[in-house]
Amino acid sequence: MAKFVYLFKEGKADMKALLGGKGANLAEMTNIGLPVPPGMTITTEACTEYYRLERRLPEGLMDEVQRNLSVVEEQAGKKFGDLANPLLVSVRSGAMFSMPGMMDTILNLGLNEQTVQSVARNTGNLRFAYDAYRRFIQMFSDVVLEIPKYDFEDLLHNQKEAQGVKYDQDLTAESLRIIIDNYKKLVVDRTGRPFPENPLDQLTLSVEAVFRSWNNDRAIIYRNLNKIDHDLGTAVNIQSMVFGNMGNDSGTGVAFTRNPSTGENVLYGEFLTNAQGEDVVAGIRTPRPIAQLKDEMPELYNEFVRIARLLENHYKNMQDIEFTIERGRLYILQTRNGKRTAQASVRVAYELAQEGLITKQQALLLVDPGQLDQLLHRQIDSQAELNVIAQGLPASPGAASGQVVFDSDDAERLAKAGKKVVLVRTETTPDDIHGIVAAQGILTSRGGMTSHAAVVARGMGKPCVCGCEAIRIDYIKAEFSVGSIVIKQGELISIDGATGRVILGQVPMKDPEISAEYTTLLTWADEVKYLGIRANADTPEDAKKAREFGATGIGLVRTEHMFMGQDRLPYVQQMILAETLETRQEALTYLLPMQEGDFYGILQAMAGYPVTIRLLDPPLHEFLPSLEELLIETTELRVTGHNPALLDEKLLLLKKVRSLHEFNPMLGHRGCRLGITFPEVYEMQMQAIFNATARLTQEGLEVLPEVEIPLTIDVNEMKFFKKRIDDIAAATMASYNVKFHYSVGTMIEMPRACVIADELAEYCDFFSFGTNDLTQTTFGFSRDDAEGKFLPHYLERKILKENPFIVIDRKGVGALMEMAVQRGRKTKPDLEIGICGEHGGEPASIAFCHQVGLNYVSCSPYRVPIARLAAAQAAISEGEIIGTR
């Protein structure tokens, strides 16, 4: 039979998967000689077996518990259920990863009408015994019998009023006896059965309840948020009770070895005298700072400081410690790595390394890369009172306040007038780029974490909340509603892109603070990482910001964003509407110097570093008004008859939009297919790139343009473009009388391109994975439709473990990437390969890119620091779970 129960002395710190974090740490502290009350741990394997047996305890489990309980009784000098000297125990959950407050705990287990009198007699304190008993009945009934806690709180409150006292500790033994009787009556009324008296029955039911709590709603939500596997199960810790509520020489508290908000190296925490552990967090009494314990119990305080330092040195990490004082004696109930803010996390890692407790590499593993996002953006002041009216997806971190606007033109106009605006749209398209640029933040009612709004906002470092389905937008009335609340254009709202909250009115903000510790930590990361870190940037300003954050190149310049400016959109539309080559060339003549200026600025900002410029990618209809808008406008013009010339113009536009209409435009006439149909468009872009390169070369700058062809699916496409690129480059060098370096490559975003990567490599200097489209075409999902409609159900039902648009799907998309890397480098061993999709800034995906041998990842400028740290962790940890030590 499998071993399901371990005494604390049988375990150790590296058994977290089996004993849970709490059980492994209790075992470790026991074995290094700390004052830990004796106990045992039921393993996580017992929990998974409980669920496999459809919520039945494994056969023989409680027999094994009883055998180990006899050893605990011997260590404690008390016997469970004994009438002379009863042992009371706590029953606590403890998963592999810390899930504070998400699962259930029962204290004082083993009390009944007989043993409570024994406890009173042995301690000489009837009030204490009754207080422990009423707590036990309340916790057991809440957790095991599922009677709501507030029903017991009402009875407790009524008795405090009857006695005329404010605090629980002021209740007399007589009042507590009345409460106990009322509690027991409530149990009979709700369950039809008396409260269980047999301690072993109490223990069996409590173990089952803790196993059940693994799958309560709050635990499931917490695991989803923190990407914790739902199949791990929880351990159960059964530990002899020590009591902080035996008088003023007793107490309980929680302390951190360093300040969890700032990282300062000072003991930080709270305690309460004459209290049990739940009182500290329940808010019934106000705890006092741990420093005041020094005045009340100086010897005990010094002993606690010694143990806190010992634990931090032992675990080589900041610790979160639970302790109880029973009649002047200190007991340690739990230690775990302390959760802290991003600011504190960076400072703690840096200072532990400076103190010589850990190496620089170990310091890098202490910081969750995702936390760094908090340090680079404005945040809502944590002290502020907020009127949260809706919740969406946290698509781009940071916070913003501003007047509501529903139209990108209005956003641009108001921003130029000095107003701060939040752009509210059902969803955004490339047409909205100028509105996104002008806005403080973006709120959409549709779309997911990788929707257009999310991707563009992250690239600009602007806060964005997407998929906020609770809001109903009425463009005609220029307002949106959430239930009965109506917010009109011009009214103030705030959004928190880190949490997805939508807040009524303006809220106080805090500016980001970049510390010296943060800068140093990232320097250490650069020393060990293998992957290069580039940025996705479409403007010289983005490129400069990327350099500030430590990017060593641009992995993606999306040239379509350059076509959206109000000064050039008319020429783009003229180019699209052109019926002849001459008319199209005329429009391109205007666009050429504009594009050249764009490329000049970006290449100049990235002098000395490679810049990958993707030629035009989206379908042409995205540069024209929508079909719906044109139908409304032409109908209105027909009905009014006011402007026949404008009607003719709009009808011509409508005809062109209809001719460009596609059933599935993302799989239609876009990418290199446009370049083959209208080669003059791509040739204009090639010429603009090389003109800018030649001018900068003449000025003495080294620039390294990489011309990227999107959406290739055949080697003949690359042959077609490679010849044109080489011809234009050679002609430009001759014209400017300069020599410059350039590269030619393709974006790998179709499964077929992965399969024929060996052929494509013959005509490519580099590959860059466009994992957004590669994921869509591998899964057969439309990204926005999937995230908005069915993908949440797939994640909830565990059909998919992760959103594949956020974390690379290693089995499918990842396998295709590996194939492309291997086949491409078989043809060309020195082929440079990177990734420029949104996955390039996600830590788990970065680790995969390291494992398959990519040269670089590229992400939005504000995620460059995250990528630098994640790349270092990937190089150090080789697949280990990171940022959680």
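1. Two strands count as paired here if DSSP finds at least two bridges between them, and strands themselves are DSSP runs of E with at least two residues, while helices are runs of H or I with at least four, both numbered from the N terminus. By that rule strand S8 (residues 251–256) and S11 run antiparallel, joined by six bridges. Ala255 stands opposite Ile321 in S11.

2. A word on the source: this is a predicted model, in which local features need pLDDT of at least 70 and side-chain atom pairs count only at pLDDT 80 or more, whereas totals for chains, interfaces and linings use all residues. Residues are numbered from 1 along each chain as its sequence is written, and side-chain values use heavy atoms, with hydrogens and water left out.

3. S8 and S11 belong to an open sheet of five strands, with the order S10-S9-S8-S11-S12 and antiparallel pairing. Strand S10 (288–289) and S12 are its edge strands, each pairing on one side only. At the S10 end, two bridges join S10 to strand S9 (residues 268–273), and Phe271 stands opposite Arg288 in S10. Helix H12 (residues 298–315) packs on this sheet, touching S8, S11 and S12 (contact means heavy atoms within 4.5 Å). The direction of H12 makes about 30 degrees with that of S12; axes are lines fitted to C-alpha atoms, for helices over the stretch in contact, and angles run from 0 to 180 degrees between N-to-C directions.

4. Do have a look at S11 (residues 319–326): eight of its eight residues are buried, so the strand is largely enclosed by the rest of the structure. Buried means under 20% relative accessible area, exposed over 50%, and partly exposed in between, with a 1.4 Å probe and protein chains only. Gln319, Ile321, Phe323 and Ile325 cover one side of S11, and Asp320, Glu322, Thr324 and Glu326 the other; all are buried.

5. On its way into S12 (residues 329–337), S11 forms a hairpin with two residues between the strands, where Arg327 takes a positive phi near 50 degrees. The two strands pair in the antiparallel sense over eight bridges, and Glu326 stands opposite Arg329 in S12.

6. A second open sheet of five strands has the order S1-S2-S7-S5-S6, again antiparallel. Strand S1 (5–7) and strand S6 (105–109) stand at the edges with a single partner strand each, so one side of each has no neighbour in the sheet. The twist averages 20 degrees from one strand to the next. Within this sheet, seven bridges join strand S5 (residues 89–95) to strand S7 (residues 234–240), and Arg92 has Asn237 in S7 as its bridge partner.

7. Now the aromatics: the whole structure holds 22 aromatic pairs. Rings of Phe, Tyr and Trp (its six-membered ring) pair if their centres lie within 6.5 Å; planes under 30 degrees apart count as stacked, over 60 as edge-to-face and the rest as tilted. Phe140 and Phe195 have ring centres 5.2 Å apart and planes at 70 degrees, so this pair is edge-to-face. It links helix H5 (residues 126–143) to the loop between helix H7 (173–191) and helix H8 (199–213), 55 residues apart. Phe140 is buried at 0% relative accessibility, and Phe195 at 4%.

8. Helix H31 (residues 771–779) and helix H33 (residues 810–827) pack at about 120 degrees, with axes 9 Å apart. Residues in this contact include Leu774 and Phe779 of H31 and Leu816 of H33. Phe779 also belongs to an aromatic cluster with Phe781, Phe790 and Tyr794.
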